[in-house]
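Reader: Please take me through the terms applied to this model, and set each one against its definition.

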Amino acid sequence: MDKNKELTQGIKLKYIGRGFDDFQQEQPYMTFLGYDSHGWRDLWVNYNDKKILVSVDEVEIVV
């Protein structure tokens, strides 16, 4: 799946990475905000009302 073509602002994502500060395993969902200005691999997301940067490899699209 080419995530770069399917991601649009507001789409729901599930975090599948190793975790980060304040990550809650029971709540892995986040909302896509946009791409980082340095390329297509890093994404800005809203996770529990916090804007964080994750890698495109750490998320999957919720269908």
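Reader: What makes Lys 51 a charge over the ring of Trp 44?

Author: A charge sits over a ring if NZ of Lys or CZ of Arg is within 6 Å of the ring centre and within 35 degrees of the ring normal. Lys 51 lies over the face of Trp 44, at 5.1 Å from the ring centre. Lys 12 is likewise placed over the face of Tyr 29, at 4.6 Å from the ring centre.

Reader: On what basis are such values given?

Author: The model is predicted: local features need pLDDT of at least 70 and side-chain atom pairs count only at pLDDT 80 or more, while totals for chains, interfaces and linings use all residues. Residues are numbered from 1 along each chain as its sequence is written, and side-chain values use heavy atoms, with hydrogens and water left out.

Reader: Why is the pair of Phe 20 and Tyr 47 called edge-to-face?

Author: Rings of Phe, Tyr and Trp (its six-membered ring) pair if their centres lie within 6.5 Å; planes under 30 degrees apart are stacked, over 60 edge-to-face, and the rest tilted. The centres of Phe 20 and Tyr 47 are 5.3 Å apart and the planes stand at 85 degrees, so the pair is edge-to-face. This pair links distant parts of the chain, with Phe 20 in the loop between strand 1 and strand 2 and Tyr 47 in strand 3, 27 residues apart. Strands (E, at least two residues) and helices (H or I, at least four) are DSSP runs, numbered from the N terminus.

Reader: What makes Phe 32 and Tyr 35 an edge-to-face pair?

Author: Their rings are 5.2 Å apart centre to centre, with 70 degrees between the planes. Phe 32 is buried, at 3% relative accessibility, whereas Tyr 35 is partly exposed, at 22%. The structure holds 7 aromatic pairs, and ring pairs join Tyr 15, Phe 20, Phe 23 and Tyr 47 into a cluster.

Reader: How do you know that strand 3 and strand 4 pair?

Author: Two strands pair if DSSP finds at least two bridges between them. Strand 3 and strand 4 have 6 bridges and pair in the antiparallel sense; Val 45 has Ile 52 in strand 4 as its bridge partner. Strand 1 pairs with strand 2 over 3 bridges, in the antiparallel sense, and 3 bridges also join strand 1 to strand 5, again antiparallel.

Reader: What is the order of the strands in the sheet, and what makes strand 4 and strand 5 its edges?

Author: The order in this open sheet of 5 strands is 4-3-2-1-5, with antiparallel pairing. Strand 4 and strand 5 each pair on one side only, as edge strands.

Reader: What is called the largest nonpolar core, and which elements supply it?

Author: A nonpolar core is a set of buried Ala, Val, Leu, Ile, Met, Phe, Trp, Tyr and Cys residues joined through side-chain atoms within 4.5 Å. The largest such set has 14 residues, and Leu 13, Met 30 and Val 45 are among those with the most contacts inside it. Strands 1, 2, 3, 4 and 5 each give two or more residues to this core, and strand 3 gives the largest share, 3 residues.

Methods
Buried means under 20% relative accessible area, exposed over 50%, partly exposed in between (1.4 Å probe, protein chains only).
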